[in-house]
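Please keep the sequence and the picture side by side while reading.

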Amino acid sequence: MKSIGVLGGTGPAGMALGKRFAKIGHRVVLGSRDPQRAIEKASEACTEYEELKDLIIGGSNEEAANCDIVVVATPWEGAESTVRGLKSALDGKIVISMVNALLKVGPSLHPYLPPRGSVTAQIQAALPQSKVVGAFHHAPAKELGEIRDDLDCDIMVVADNKDAREEVVALVDQIPGARAIDAGTNVSAGAIESMTAVLININIKYKTRSSIRLSGLEK
Ligand SMILES: NC(=O)c1ccc[n+]([C@@H]2O[C@H](COP(=O)([O-])OP(=O)(O)OC[C@H]3O[C@@H](n4cnc5c(N)ncnc54)[C@H](OP(=O)(O)O)[C@@H]3O)[C@@H](O)[C@H]2O)c1
């Protein structure tokens, strides 16, 4: 059992992932810039799912950053500044980024590639002593948050640090219905993050919440 903190854990994505991790037995701290908001969200999660009681709490982003593993679940505009402010707490740790950089252009969403090619790489550059791993970019918050149902998607995991990547692959594989795919180094992160814009545009057209399943893998 690990402690897992979620920066921006009051949003739909971070809260849903926090609930998933708590459901499989990890202790989760939903973090926020306003700890009271996170406390309310954690209480909401425990009211909805009694089994999460004692496993999920709310607090500040600083408290979340003190956990063993830390997830970044803020909008991309705030991700780098958020982690920079928590750098010393994050040094040496696995930091999972689920952040997608997207821009609304007219009715559709376009991927935005930050200067280093991905948000994952931006965060890794901001946290040179941390092991930054990209994962969960394509998992829709609604399905992630419905924790009594198995997920039905692949989760592509990237990181420059091989050990951290393998640890997150093992963590993802604990989630029923999720299949972790080791997708290599951060070189692939930009393509994975950008693919989210494709999925969201598909979702708008087909009024659904699509995700990704790869064929041809034996795992
Ligand atoms: N929604 C999905 O289905 C989904 C799926 C996979 C990945 N993602 C990615 O996960 C991330 C979070 O998605 P979301 O839909 O949960 O986002 P969100 O609701 O817009 O934001 C999540 C939380 O981040 C905090 N926040 C907002 N602006 C911030 C800023 N400028 N600096 C620091 N913190 C800020 C807020 O918490 P406080 O105000 O409480 O601090 C907010 O509740 C995004 O990068 C998204 O691309 C989303």
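## An exposed glutamine

Glutamine 129 counts as exposed because it has 10 C-beta neighbours inside 10 Å, where exposed means that 12 or fewer other C-beta atoms lie within 10 Å of a residue's own, buried means 20 or more, and partly exposed means anything in between, with C-beta atoms placed from the backbone. The structure is a predicted model, in which local features need pLDDT of at least 70 and side-chain atom pairs count only at pLDDT 80 or more, while totals for chains, interfaces and linings use all residues. Residues are numbered from 1 along each chain as its sequence is written.

Glutamine 129 sits in the loop between α6 (119-126) and β8 (131-134); helices (H or I, at least four residues) and strands (E, at least two) are DSSP runs, numbered from the N terminus. Leaving out residues up to four places away in sequence, glutamine 129 touches Asp91 and Gly92, a contact being two C-beta atoms, placed from the backbone, that lie within 7 Å.

Which residues of helix α4 (residues 76-84) are buried? They are Ala79, Thr82 and Val83, and, seen down the axis of α4, the buried residues fall within an arc of 85°, so they line one face of the helix; the arc is that of the directions from the helix axis to the C-beta atoms. On the other side of α4, Glu77, Ser81 and Arg84 are exposed. The buried residues of α4 are covered by elements including β1 (3-7), α3 (61-65), β4 (69-72) and β5 (94-97).

## Around the ligand

The ligand is surrounded by 25 residues, and the closest are Gly8, Gly11, Ser32, Gly78 and Ala141; a residue is near a molecule if its C-beta atom, placed from the backbone, lies within 6 Å of it. Helix α4 gives the most to this shell, with four residues. By class, the shell has 11 nonpolar, 10 polar and four charged residues, where Ala, Val, Leu, Ile, Met, Phe, Trp, Tyr, Cys and Pro count as nonpolar, Asp, Glu, Lys and Arg as charged, and the others, Gly among them, as polar.

## Parallel strands

Strands β1 and β4 pair in the parallel sense over four bridges, and pairing requires that DSSP finds at least two bridges between two strands. Within this pair, leucine 7 has valine 72 in β4 as its bridge partner. Four bridges also join β4 to β5, which run parallel, with valine 71 standing opposite isoleucine 96 in β5. Strands β5 and β8 likewise pair in the parallel sense over four bridges, and the partner of isoleucine 96 in β8 is valine 133.

From β4, Ile69 and Val71 point one way and Val70 and Val72 the other way, and all are buried. Both faces of β5 are covered too, with Ile94 and Ile96 buried on one side and Val95 and Ser97 buried on the other.

## The nonpolar core

In soluble globular proteins, nonpolar side chains tend to be buried together. Here the largest nonpolar core has 64 residues, of which Val72, Val157 and Val168 touch the most other members; such a core is a set of buried Ala, Val, Leu, Ile, Met, Phe, Trp, Tyr and Cys residues joined through C-beta atoms within 7 Å. Leaving aside neighbours within four places in sequence, valine 157 is in contact with residues including Val133, Val168 and Val172.
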